[in-house]
Amino acid sequence: MAKAAKQQLESVEKPEKPEERDNASAMLRALDLLGEIARSETPLGVPELCVRLSLPKPTVHRLCQKLEAESYLLREPDGRRFAVGPRFLRMGFDMLRNSVSTERRGILEALVDVAGETCNFVTRVGSEAIYLDRVEAAWPLRLHLEVGSRVPMHCTASGKLFLSAMRPVQRRRILETLHLKAQTPNTITTVEALDAELERIAKNGYSTDDQEFLEGLVAIAVPVKDRRGTVVAAVACHGPLPRFSLEKARALVPNLKEAAERLQATLPDSGDVTDD
């Protein structure tokens, strides 16, 4: 019995193999790298990450390549800098969903009661808008998109809103990568016309989709900002003509903005940033 106990103790206290230590170390470095990029207000390049993490360039380059291949990182259009990717972003919002899902859905449900149409909570991943949460209206005729669905930036209310909030240089990089495909006869298909539309959106504080994504569908979106004033998401409402016209959509702007302010409190960093 003593021999068996000794063998069991030796098994428990058996030291890690070198490759196990290397794997654990690589995992921690990858998590540190993801954390740095997630905390940064702008995408980061390999040289910046080397300085912040005190790691050699080959190591950081290898980590970025691996994380990009697994969709945890997303390479910016300039090809040199990285932002959080869809897999990491979805994981973060799934974690957030566990603690704030009831509150956020309550906000969207209250908005649906007022609007009478489906309402969405949307963010941006790369050059697409992605639905993080939505509450469907009770109408039999409605557009059904699952949480996680992605839609184009240039012809949707939320997508155009995100573009309008970008710095000019960042917006130009994104526009250079977009194929301004005509989804309907109303879709804006030239950079010049889209730029003019984005200026109007920035001035008005809301964005509309006048049958630009789907014929017969009208949508409106307002920004959801973090405590630093950065647009990180959008709250949107859409419905079919003639039930939901542009006039009715614009009349909902105050309600949408009120919902956006409430949704701000559900964002990950809303309690971590203090006012000056």
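**Salt bridges and a pocket**

Reply: Start in helix α8 (residues 191-204): arginine 200 and glutamate 197 sit three residues apart there, so about one helical turn separates them. This is a predicted model.

Me: What makes arginine 200 and glutamate 197 a salt bridge?

Reply: Their side chains meet at 2.9 Å, N to O. The cut-off is within 4 Å, from a side-chain nitrogen of Lys or Arg to a carboxyl oxygen of Asp or Glu. The pair therefore qualifies.

Me: Is glutamate 197 called buried or exposed, and why?

Reply: Buried. Its relative accessible area is 11%, and buried means under 20%.

Me: And why is arginine 200 called partly exposed?

Reply: Its relative accessibility is 45%.

Me: Which residues do salt bridges with shared partners join into one network?

Reply: Lys160, Glu197, Arg200 and Glu212.

Me: What is the N to O distance between glutamate 117 and arginine 243?

Reply: It is 2.7 Å, in a salt bridge between the two side chains. This pair links distant parts of the chain, 126 residues apart. Glutamate 117 is in the loop between α5 (86-115) and β4 (118-125). Arginine 243 is in the loop between β9 (231-240) and α9 (246-251).

Me: Why is arginine 243 called partly exposed?

Reply: Because its relative accessible area is 22%, and the buried class is under 20%. Glutamate 117, at 1%, is buried.

Me: How many salt bridges does a search of the whole structure find?

Reply: The search finds 16.

Me: Now the second largest pocket. Which residues line it?

Reply: The lining is Met27, Ala30, Leu31, Leu34, Leu63, Lys66, Leu67, Glu70, Tyr72 and Met91. Two elements each give two or more residues: α2 (18-39) and α4 (57-69). α2 gives the most, with four. The pocket holds about 210 Å³ of space.

Me: How many of the lining residues are nonpolar, polar and charged?

Reply: Eight are nonpolar, none polar and two charged. Lys and Glu count as charged, and the lining includes Lys66 and Glu70. Tyr counts as nonpolar, so Tyr72 falls in that group.

Technical notes: Residues numbered from 1 in each chain as written. Predicted model: local features only at pLDDT ≥ 70, side-chain atom pairs only at ≥ 80, totals over all residues. Heavy atoms only, no water. 1 Å grid on protein atoms, 1.4 Å probe; cavity = no way out; pocket = protein on both sides within 12 Å on 5 of 7 lines; lining within 4 Å. Points joined across faces, edges and corners; volume = space filled by probe spheres on them. Buried < 20%, exposed > 50% of the residue type's maximum accessible area, 1.4 Å probe, protein only.
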